[in-house]
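Have a look at the structure first, then read on.

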Amino acid sequence: MTTATPHPVLTAIEARVLGTLMEKARTVPDSYPLSLNSLLLGCNQKTSREPLMELEESQVATATANLRELGLVHETSGGRTTKFTHNFQRGMNVFEQAAVILGMLMLRGPQTAGELRLNTERWYKFADISSVEGFLDELLERSEEKGGPLVVKLPRLAGTREQRWAHLLCGPVDVSELESGRAAHTPGGTAERVERLEQEVAALRLVVNRLCAELGVLPDSDISKTSL
């Protein structure tokens with residue numbers, strides 16, 4: 001009888017390091033692999049991160065060492081600076097699309113399928129929300145032989161239509177803690193909400209321009225130039 005191997009349980013810092021490597025590999029490939037200093041800056045950046053962190057270099061170094069032991073990060077040699085790459089897709093045995101979703105959940109916390117589709121636009125272009133939901137369902141129903149589920153669907157929030165998803169790479173999710181943290185950040189979350197709206201507008205603009213190009217028509221100036 002084959003014994004199931006559970007997926008590794010990461011710390012919050014390890015998840016941030018891993019998610020940052022996954023992000024930079026896709027969004028700034030010319031600067032990848034990352035040095036320890038670049039990785040630190042990416043982990044502590046003030047946009048597209050939930051929660052915000054103020055990590056020290058020693059914390060990031062310890063996290064990368066632990067992730068190397070788990071086979072999720074590789075250290076590259078050459079030159080005078082040690083650099084790091086991620087090995088998430090192979091290390092976790094997941095498809096590319098699933099890896100993209102998990103990476104975004106590690107960086108930005110719980111999100112709806114619609115938010116994930118918009119936020120992963122620079123990583124991978126999902127055809128539609130149903131496509132995102134399909135991969136989320138696969139991660140939710142992942143067999144015990146493969147290590148068990150990697151995401152959980154959270155209870156619907158009051159006043160919302162869609163449920164959010166969270167990753168399980170750091171162990172079971174404490175829903176009450178998530179909600180208290182969300183409430184604490186709501187009054188001062190204006191900048192984050194504006195940033196998200198700007199990203200949504202940019203994504204919609206890309207869709208409009210793409211459709212217009214396919215139809216051979218010029219995009220309406222009022223739509224293509226819309227900004228917040």
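How are H1 and H2 oriented to each other: roughly parallel or roughly perpendicular? H1 and H2 are roughly perpendicular to each other, on a scale where angles under 35 degrees count as roughly parallel, over 145 as roughly antiparallel, 65 to 115 as roughly perpendicular and the rest as oblique.

## Ground rules

This is a predicted model, so local features need pLDDT of at least 70 and side-chain atom pairs count only at pLDDT 80 or more, while totals for chains, interfaces and linings use all residues. Residues are numbered from 1 along each chain as its sequence is written, and side-chain values use heavy atoms, with hydrogens and water left out.

## The chain as a whole

The protein chain has 10 helices and five strands. Helices (H or I, at least four residues) and strands (E, at least two) are DSSP runs, numbered from the N terminus. Of its 228 residues, 38% count as buried; buried means under 20% relative accessible area, exposed over 50%, and partly exposed in between, with a 1.4 Å probe and protein chains only.

Contact here means heavy atoms within 4.5 Å. Take the contacts with a separation of 6 or more: 54% of them are between residues 24 or more positions apart.

## H1 and its two partners

Two packed helices are described by the angle between their axes and the distance between the axes. The axes are lines fitted to C-alpha atoms, for helices over the stretch in contact, and angles run from 0 to 180 degrees between N-to-C directions. For H1 and H2, the axes come within 9 Å and cross at roughly 105°. On the H1 side, Arg16, Val17, Thr20, Leu21 and Lys24 meet Leu39, Gly42 and Cys43 of H2. That contact has four nonpolar, two polar and two charged residues. For these classes, Ala, Val, Leu, Ile, Met, Phe, Trp, Tyr, Cys and Pro count as nonpolar, Asp, Glu, Lys and Arg as charged, and the others, Gly among them, as polar.

H1 also packs on H3, at an angle of about 80° with the axes 9 Å apart. This pair, too, is roughly perpendicular. H1 brings Ile13, Glu14, Val17 and Leu18, and H3 brings Gln59, Val60, Ala63, Thr64, Asn66 and Leu67. By class, that makes six nonpolar, three polar and one charged.

## The loop between H2 and H3

Most residues other than glycine have a negative phi, and most peptide bonds are trans. Ser48, in the loop between H2 and H3, has a positive phi of about 55° although it is not a glycine. Ser48 is buried, with a relative accessible area of 12%. Pro51 sits in that loop as well, and the peptide bond from Glu50 to Pro51 is cis, with omega near 0°.

Met53 is in the loop between H2 and H3 too, and counts as buried at 14% relative accessibility. Leaving out residues up to four places away in sequence, Met53 touches Ala12, Arg16, Cys43, Asn44 and Lys46. Met53 and Ala12 are 41 residues apart in sequence but 9.9 Å apart in space, C-alpha to C-alpha.

## Other backbone spots

Another cis peptide bond runs from Tyr32 to Pro33, with omega near 5°; Pro33 is in the loop between H1 and S1. Asn93, in the loop between H4 and H5, has a positive phi near 55°. Asn93 is exposed, at 57% relative accessibility.

## Reaching across the sequence

Pro8 lies in the segment before H1 and is partly exposed, at 23% relative accessibility. Not counting residues up to four places away in sequence, Pro8 touches Leu70, Leu72, Met92 and Leu169. Pro8 and Cys170 are 162 residues apart in sequence, yet 8.3 Å apart in space, C-alpha to C-alpha.

Thr112, in the loop between H5 and H6, is buried, with a relative accessible area of 10%. Beyond its neighbours within four places in sequence, Thr112 is in contact with Glu162, Gln163 and Arg164.
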